[in-house]
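This report covers chain contacts, domain packing and nonpolar cores, in that order. The structure is shown first.

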Amino acid sequence: MSAYTLDAQQEMLADSARNYLSRRTTPKHDATQADRQATESSRWAEMASLGWLALPVPEAYGGLSGSMADICALAEELGRGVVSEPYIASAVLAGMLLADVAPPSVRDDWLPALADGSRRLALAVWEPGARSDWTEVNTRATQDGADWRLDGNKVLVLGGTGADGLLVSACISGSKDLGIFLLPAGGQGQRLVAQTLFDGQGAAELTMARATGASLLHRGEPSAVLGLLEVALDRATLTHCADTVGAMAQAFALTREYLGTRSQFGKPIAANQVVQHRLVDLFVEIEEARSLMRMTASLYADTGIDKVAPQRRHVAATKAFVAQVARHVWEESVQLHGAIGMTQEYEVGAYVKRLALAVNLYGDATFHLERVACSSLDSSAIRALKVEKTFTAHHHKETTSAPSS
Amino acid sequence: MFDTAELSAFRNSMRSFISEQLPDDIRQTVREGRQVGLERMNAWHGILANHGLLIPHWQVEWGGQGFSVAQQMVFDEEMALGDAPELNAITFDMIGPVLQRYGNPAQQQRFLPDIASGQQWWCQGYSEPNAGSDLASLTTRAELVGDHYVVTGSKIWTSGAQYADWMFCLVRTDREVRAQQGISFLLIDMKSPGITVRPIVGIHGWAVFNEVFLDQVEVPVSLRIGAENGGWTIAKSLLEFERLKLARIGENKRRRARALAVAHSRREAGHPLAERPWFRERFAELDCRLMALEANAGRFIERAQAGEPIGAEVSMLKLRGSRLIQLWEELIVDALGPEAMPLDNDWLQSQAGAEPQDRIAGTASSRRFLSRGFTIAGGSSEIQHNILAKQVLAL
C-alpha cells in the first residue's frame with residue numbers, strides 16, 4: 001500500500017469530484033445567507049448521490065466505510081473546488097463522532113440518514129472566549145426526569161445552520177462527568193444564530209437556556225470524554241488539512257499561471273528570478289504539506305492498540321505545518337498577483353479567504369505546536385499532571401459556579 | 001519514515017549492530033560533535049567493511065549488499081541516531097559509484113577493492129576560485145603530452161584534501177568549445193609532484209576544506225574516466241547520485257537528539273527548558289518540519305523503489321533538509337545561551353591534553369558555523385531553487 005500515491009479507487013473518486021466541481025459554478029463568496037442556503041440544500045443532495053456523504057459511514061449503516069486516506073483524497077478536491085457546504089463538519093466531524101459514541105438505536109436512526117443526505121449533523125464544541133480550546137466546557141446538562149436540560153453557549157458551530165441535530169459537549173450537573181448530547185435542532189430553549197464566515201461558509205452561534213429535548217449519547221470521566229472528542233476533532237482536522245492542501249495547490253496554480261502570462265518591463269513577471277524563487281518556496285512547502293498529510297492519513301490504516309498516540313502527534317504536526325504554509329501561500333498569492341489579488345471578483349480571492357480561514361480553523365499553528373511539544377518534550381508523568389489539571393478545573397467549576405436551576 | 005514490518009526488523013538489526021560494534025570512544029566523540037580523526041575513522045571503516053556494511057549500496061559484484069533505497073535511508077538514519085560518525089560521501093557515495101558506472105575494468109580493479117576496504121580516502125576537485133556555483137567555467141588546464149596529461153591550475157573548497165590519497169578532478173581539455181563540452185574527468189594521485197595543499201581554516205575553528213594547487217602535475221591518460229571532453233556528463237550524473245541522501249534525515253535527527261538533551265539538562269526561570277513556552281514552540285516547529293521532510297522523502301523513496309525516475313523534483317529534499325539542520329543548530333545555540341560562547345579549538349579537534357569541555361555546549365557554536373556549509377555545498381540553495389524553477393515548474 002502506498003502512503004503517498006492515491007490508489008486506483010481514490011484516483012477515481014478524486015477525478016469524478018474534480019469533474020463535478022469544475023462543472024459547477026464557483027460559489028459567490030458575497031452571496032446572501034438565503035441564497036447560500038437554497039443552493040446548499042440542492043447541492044447536498046448531489047453530494048449524497050455522488051456517494052461522498054456515505055464515504056465516512058460504516059457499511060452496516062448504508063455507508064461505504066471509507067478510510068481516512070479515501071476521505072482525504074476527496075477533501076483535497078473539495079478544497080480545490082472551494083466547496084462551501086459543511087461536508088467535513090457534518091459527515092466527518094459530527095457523523096463519525098456519533099458513530100463512535102452513540103448507542104445502537106441512535107446509530108440506526110441517524111447514520112443511514114447521514115449517508116443518504118436526508119439529514120445533517122453538526123458539533124457544538126467550542127465556547128466563547130477560549131480560542132480553539134475545546135477542552136474548556138462550561139455548558140451544563142441537568143437531568144430532568146427522562147429528559148436533559150442544557151444551559152450554555154457554543155460558538156463556531158460549523159454547518160450549524162440547516163443541521164437537523166447538534167452534538168453538544170456539556171458538564172453533567174451533580175457529578176464530575178462530561179457528556180456528549182444529541183440536541184435536535186429547533187427545540188425549546190435553544191437559539192441558533194446563523195453566521196457567514198469570511199470565506200463564505202456557514203456556521204452558527206448556539207445559545208441554550210433550559211434547552212429541552214437533548215438525549216445523552218455518552219458520559220464518562222472528563223479525560224475519557226475529552227479523549228473521544230479529541231479523536232473526532234483530529235479526524236476532522238486532518239480532513240481539513242487535505243482540503244487546505246487542495247486549496248493551496250489551486251491558489252498556487254492560479255498565481256503561477258498569472259505570473260507566466262502577465263508582462264511587465266517587456267517580459268513575463270515569472271521571468272524574474274526573485275519571483276521564481278518565491279514560487280519555488282511555495283511549491284516545495286505545498287508538496288511537503290501534502291506528503292505529511294497523506295502520511296498521517298495512512299497511519300489510520302493501522303488498527304493496532306497503540307495507534308492513537310502516533311495519530312494525535314501526526315495530526316497535530318500536520319495541522320501546525322499546514323497552517324503555516326497556508327498563511328505563506330495566501331499572503332504570497334495576494335502579493336505576487338498585485339492589486340488584482342485583492343479584488344472580490346477575481347478568482348484567487350476565494351482561495352485567499354479559504355486559506356486565511358484555514359490558518360485558524362480547528363486550532364492554529366501555536367495550538368497544535370503545543371500538542372507536538374507535549375508528545376516530544378513531556379514525560380508521561382508531566383502529561384498525566386496536565387490531564388489532572390483539566391480534571392481539577394472541571395471539578396472546580398462544578399463546586400463553585402454551578403448554575404442555579 | 002513509514003516502516004513496513006520488514007523494514008522495521010531491518011532497522012532493529014542495524015540498530016543493534018551499531019550499538020554493539022561502534023567503539024565507545026568514537027560514539028562519545030561523535031555525540032559531543034568533535035572530530036574523530038583519520039585513525040579512528042579507518043578503524044570504524046574496517047569494522048563496517050568486515051560486516052559488509054561500509055558500502056552496502058554498491059553493486060553486489062563490488063561488495064555491495066543490494067540494499068534497497070529504503071534500507072539505505074534506514075541504515076543512514078540508524079548510524080546517525082547511534083552516534084556513528086558520518087561516512088565520507090565523496091569516497092563511498094560518489095567516486096565508488098562513478099567507477100562502477102563509468103570506469104573501465106582496469107580502473108575498477110585498481111580502485112574499487114581499495115575503496116571498499118575503507119582505507120583509501122578521496123577528495124573532489126570541482127570548485128575553483130572563479131568557478132563555484134558556475135562550475136562549467138572552470139579553468140584548470142590539462143594538456144595531453146604523449147601518454148599523460150599535464151595539469152595546471154587550482155581547486156578550492158576541497159574538503160578532506162589534506163588527508164586524501166586521491167582526488168577526482170574536473171579539468172579543461174578543450175578551450176575552443178562550449179564550456180561544458182571541453183571538460184574531462186581525471187583521477188589524480190595526491191602524492192604526485194606539483195601538488196600543494198593549503199588548508200583553509202573555517203569560522204567554525206578547523207580546516208574542513210583546502211585550496212589545492214596543481215603545477216604541471218602529470219596524470220596518466222589511463223586515469224581519465226570516460227571520453228576526453230566527456231567529463232561534464234559524469235560530473236552531472238555524480239551530482240545526481242544519492243540525491244535522496246541529501247534530505248539528511250539522519251543528520252537532522254542527530255541534531256534533534258542534541259536539542260532534546262539540552263531541553264532536559266538546562267533550566268531557566270526555575271523550570272527545565274523543556275517546559276519553557278518559547279523553547280517548546282521552536283522545538284515543535286522544527287519537529288513538524290522534520291516530519292514533513294521525512295514524509296516528503298518517503299514519497300521519493302516510494303518512487304525509487306517502484307523503479308520510477310525521481311527527477312529534478314528531488315532537489316526539494318536537499319533544499320529543505322540542509323536548511324533544517326541549520327535551524328536545529330541555531331536552536332541549540334540559543335538554548336545554551338552564554339554556555340555556548342567559549343570555544344576551545346584543541347578540544348574540538350580532539351588534541352591530546354586539551355582541557356575537557358562541556359559535552360554539548362563545548363561544540364555548539366562551532367557546529368552552528370559549520371552547518372552553514374550544508375546550504376552552500378553540493379549545489380547551493382539558490383542553485384536548487386533555479387533547478388526547481390526551470391526543470392520542475394518550467395518558469
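Two residues are in contact if their C-beta atoms, placed from the backbone, lie within 7 Å. The model is predicted: local features need pLDDT of at least 70, side-chain atom pairs count only at pLDDT 80 or more, and totals for chains, interfaces and linings use all residues. Residues are numbered from 1 along each chain as its sequence is written, while chains are lettered from A and ligands numbered from 1 in the order in which they are written.

**Chain contacts**

Between the chains, 26 residues of chain B are in contact with 29 residues of chain A. On the chain B side, the elements that give two or more residues are helix H9 (277-305), H10 and helix H13 (381-392); helices are DSSP runs of H or I with at least four residues, numbered from the N terminus. H9(B) gives the most to this side, with 15 residues.

Helix H10 of chain B (residues 315-336) has 22 residues and reaches 33 Å from its first C-alpha to its last, close to the 32 Å expected. The expected span is 1.5 Å times one less than the number of residues. Just after H10(B), B:Gly337 takes a positive phi of about 60 degrees.

**Domains of chain A**

The domain assignment, which comes from an automatic or database source, gives chain A domain 1 (8-117), domain 2 (123-219) and domain 3 (225-384). The C-alpha centres of domain 1 and domain 2 of chain A lie 22 Å apart. In chain A, 19 residues of domain 1 are in contact with 17 residues of domain 2. On the domain 1 side, helix H2 (33-49) and helix H4 (87-101) of chain A are the elements that give two or more residues, and H4(A) gives the most, with seven residues.

The table lists both sides by class, where Ala, Val, Leu, Ile, Met, Phe, Trp, Tyr, Cys and Pro count as nonpolar, Asp, Glu, Lys and Arg as charged, and the others, Gly among them, as polar.

| Domain 1 of chain A, touching domain 2 of chain A | 12 residues | five residues | two residues |

**Nonpolar cores**

A nonpolar core is a set of buried Ala, Val, Leu, Ile, Met, Phe, Trp, Tyr and Cys residues joined through C-beta atoms within 7 Å; buried means that 20 or more other C-beta atoms lie within 10 Å of a residue's own. Of the 177 residues in the largest core, A:Leu167 and A:Met248 touch the most other members. Helix H6 (residues 222-261) of chain A supplies the largest share of this core, 17 residues.

Notes:
A residue is buried if 20 or more other C-beta atoms lie within 10 Å of its own, exposed if 12 or fewer, and partly exposed in between; C-beta atoms are placed from the backbone.
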